[in-house]
Amino acid sequence: MNTQETQRLINKAEKLCEQRGARLTPARREVFEILAGQAGAIGAYDLLDKLKAAVPNAKPPTIYRALDFLQEQGFVHKITSSNSYVLCTHFDHQHPVQMLICEQCGSVQEIQSDGVYDALRKQAEGQGFKVASQSIEAHGLCKACM
């Protein structure tokens with residue numbers, strides 16, 4: 001992602017935080033910016049290593065608190081299968097999460113398929129279950145790695 005796009009996303013995140021009464025602290029902002037510069041998902045400790053360049057005294061709780069906040073705000077998605085994180089670029093609205101994860105290069109592409117979510121929700125309701133959130137991970141090869 002280029003610098004201009006990263007700055008646009010940071011501005012958008014700051015504006016949303018202001019509207020929600022949430023605070024995008026310098027550490028949270030730095031983690032957001034690091035994630036914006038990643039081509040794929042990144043683990044918390046790798047993020048911590050990168051964060052230490054800007055915040056030398058950063059410790060694991062710093063990164064986990066920042067990630068928790070960013071997830072709560074919808075700015076970041078957690079890739080459960082690899083225990084890593086990826087920036088959501090359309091975080092201005094709640095949405096079901098479906099990710100295509102390349103097992104060769106590690107790239108992560110977020111897609112939105114309302115049909116998948118609707119089918120899941122309908123089947124869940126048939127079982128007397130109300131879906132609060134949904135995240136689907138599909139692993140395979142991206143176009144560049146095929």
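Q: Where do the domain bounds come from?
A: Domain bounds come from an automatic or database domain assignment. The model is predicted, with local features requiring pLDDT of at least 70 and side-chain atom pairs pLDDT 80 or more, while totals for chains, interfaces and linings use all residues. Residues are numbered from 1 along each chain as its sequence is written, and side-chain values use heavy atoms, without hydrogens and water.

Q: Which domains is the protein divided into?
A: The division gives domain 1 (3-87) and domain 2 (97-140). Their centres, taken over C-alpha atoms, are separated by 22 Å. Nine residues from domain 1 and nine residues from domain 2 take part in the contact (heavy atoms within 4.5 Å).

Q: What area is buried between domain 1 and domain 2?
A: About 610 Å² is buried between domain 1 and domain 2, with 58% from carbon and sulfur atoms; buried area is the accessible area (1.4 Å probe) that two parts lose on being put together, summed over both. In domain 1, His-77, Ile-79 and Ser-81 lose the most area to domain 2, together 60% of what that side buries.

Q: How many salt bridges cross the interface of domain 1 and domain 2?
A: The rule finds zero, a salt bridge being a side-chain nitrogen of Lys or Arg within 4 Å of a carboxyl oxygen of Asp or Glu.

Q: Changing topic, how do strand 2 and strand 3 pair?
A: Strand 2 (residues 76-79) and strand 3 (residues 84-87) are antiparallel, over four bridges. Strands are DSSP runs (E, at least two residues), numbered from the N terminus, and two of them pair if DSSP finds at least two bridges between them.

Q: What is the bridge partner of Lys-78 in strand 3?
A: Tyr-85 is the bridge partner of Lys-78.
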